[in-house]
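Subject: Structure for you to look at

Hello,

Here is the structure I said I would pass on. My notes on it follow below.

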Amino acid sequence: MTKTDLSGFTPRPLPGGRVLQGRLVRLEPLSWPAHRDGLFAALGGAAHAAIWRHMAIGPFASAEMLRKSFTEAASDDWRTLVIRLLADSDIVGMASYMRNRPEHGSTEVGCIAYAPRLQNSAAGTEAMALMAAHVFDELRYRRYEWKCDDANVASKRAAIRLGFTFEGVFRQDMVVKGRNRDTAWFSMLDGEWPEVKAGYDAWLAPDNFDANDRQRRRLEACRQPLAAQ
């Protein structure tokens with residue numbers, strides 16, 4: 001239930017200021033000198049153009065183009081984390097906290113760019129779980145948002161799978177790369193987080209995967225027992 005008495009609420013710290021580490025991935029605050037070339041290898045060039053199809057920036061023909069375009073788009077509001085696999089230390093993606101409103105306890109996860117080897121993987125799910133836990137468990141935010149192009153079916157499915165709730169579509173919200181973008185909005189609230197977190201923990205447990213690294217239970221199924229209580 002949403003709390004109506006917030007007389008004791010105070011602005012929350014901005015997210016994304018430290019390293020987040022799990023069992024499979026390590027998320028590091030973006031530093032272009034340290035991360036530029038690794039990010040381009042994972043996300044740049046013609047081979048990775050599809051990653052940026054529904055985003056306002058990209059694709060990128062060079063590492064410097066990636067740095068320049070991302071820096072211009074990000075402004076001071078974005079707090080970007082670079083995703084590194086612990087198994088081999090390779091950079092495999094990035095995601096940003098954006099639309100930060102610490103005075104309201106609200107932030108958004110966006111510009112989520114995953115290299116092919118991170119897509120549809122336990123490591124990719126763990127990265128999102130770590131970012132959500134940082135917001136709710138550590139910083140005590142009230143609201144966590146996910147927005148995407150309404151035409152991006154994969155992103156909308158991912159939001160629901162990860163425990164976000166669909167809130168609606170902002171029609172004719174933006175002009176992106178010469179075309180209209182309707183924006184689908186999703187959210188997760190602090191009161192919903194314990195159930196979502198329990199699902200993450202159960203799904204990411206090593207015993208949820210067989211010898212071929214295939215899941216035994218889907219993430220949505222791992223949330224059901226707690227919801228039924």
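A search of the whole structure, which is a predicted model, finds 20 salt bridges.

Charged pairs

Arg67 and Glu64 form a salt bridge whose closest N and O atoms are 2.5 Å apart. Both residues sit in helix α2 (residues 63-74), three residues apart, about one turn of the helix. Arg67 is partly exposed at 26% relative accessible area, and Glu64 is partly exposed at 33%.

A second salt bridge joins Arg117 to Asp90, with 2.9 Å between the closest N and O atoms. Arg117 belongs to the loop between β5 and α3 and Asp90 to the loop between β3 and β4, so this pair ties together parts that are 27 residues apart in sequence. Both are partly exposed: Arg117 has a relative accessible area of 47% and Asp90 one of 36%.

The side chains of Glu108 and Lys147 also meet in a salt bridge, at 2.9 Å from N to O. Glu108 is in strand β5 and Lys147 in strand β6, so the link spans parts 39 residues apart in sequence. Both Glu108 and Lys147 are buried. They belong to one network of salt bridges with shared partners, which also takes in Arg99, Arg101, Arg143, Glu145 and Glu167.

The sheet

The fold contains an open sheet of eight strands in the order β1-β2-β3-β4-β5-β6-β8-β7, with mixed pairing. Its edge strands are β1 (20-21) and β7, each of which pairs on one side only.

Strand β3 (residues 79-85) runs antiparallel to β4, and six bridges join the two; here Thr80 stands opposite Ser96 in β4. Strand β4 (residues 91-101) is in turn joined to β5 by six bridges, again antiparallel, and Gly93 has Tyr114 in β5 as its bridge partner. The hairpin of β4 and β5 has four residues between the strands, and Gly105 there takes a positive phi near 70°.

On to β6 (residues 143-149): this strand runs parallel to β5, with four bridges between them. Thr107 stands opposite Tyr144 in β6. Together with helix α3 (residues 122-138), β5 and β6 make a right-handed β-α-β unit.

How enclosed is strand β5 by the rest of the structure? Eight of the nine residues of β5 (residues 106-114) are buried, so the strand is largely enclosed.

Aromatic rings

The count of aromatic pairs comes to 12. One of them, Tyr97 with Tyr144, is tilted, at 6.5 Å centre to centre and 45° between the planes. Tyr97 lies in β4 and Tyr144 in β6, so the pair ties together parts 47 residues apart in sequence. Tyr97 is buried at 0% relative accessible area, and Tyr144 is buried at 1%.

Trp203 and Phe209 form an edge-to-face pair, with 5.1 Å between centres and 80° between planes; both are buried.

Tyr97 and Tyr144 are also part of one aromatic cluster, together with Phe136, Trp146, Phe164, Trp193 and Tyr200.

Surface patch

Ile160, Phe166 and Val169 make a nonpolar surface patch of about 240 Å². Val169 lies in strand β7 (residues 165-176), and its relative accessibility of 33% counts as partly exposed.

Regards

Technical notes: Residues numbered from 1 in each chain as written. Heavy atoms only, no water. Buried < 20%, exposed > 50% of the residue type's maximum accessible area, 1.4 Å probe, protein only. Pairing = 2+ DSSP bridges. Right-handed = clockwise from strand over helix to strand, strands pointing away. Patch = residues over 30% accessible without salt bridge, like charges linked within 9 Å, V, L, I, M, F, W, Y side chains within 5 Å. Areas by Shrake-Rupley, 256 points an atom, 1.4 Å probe, with all protein chains shown as cover. Salt bridge = Lys/Arg side-chain N within 4 Å of Asp/Glu carboxyl O. Phe/Tyr/Trp six-rings, centres within 6.5 Å; stacked < 30°, edge-to-face > 60°.
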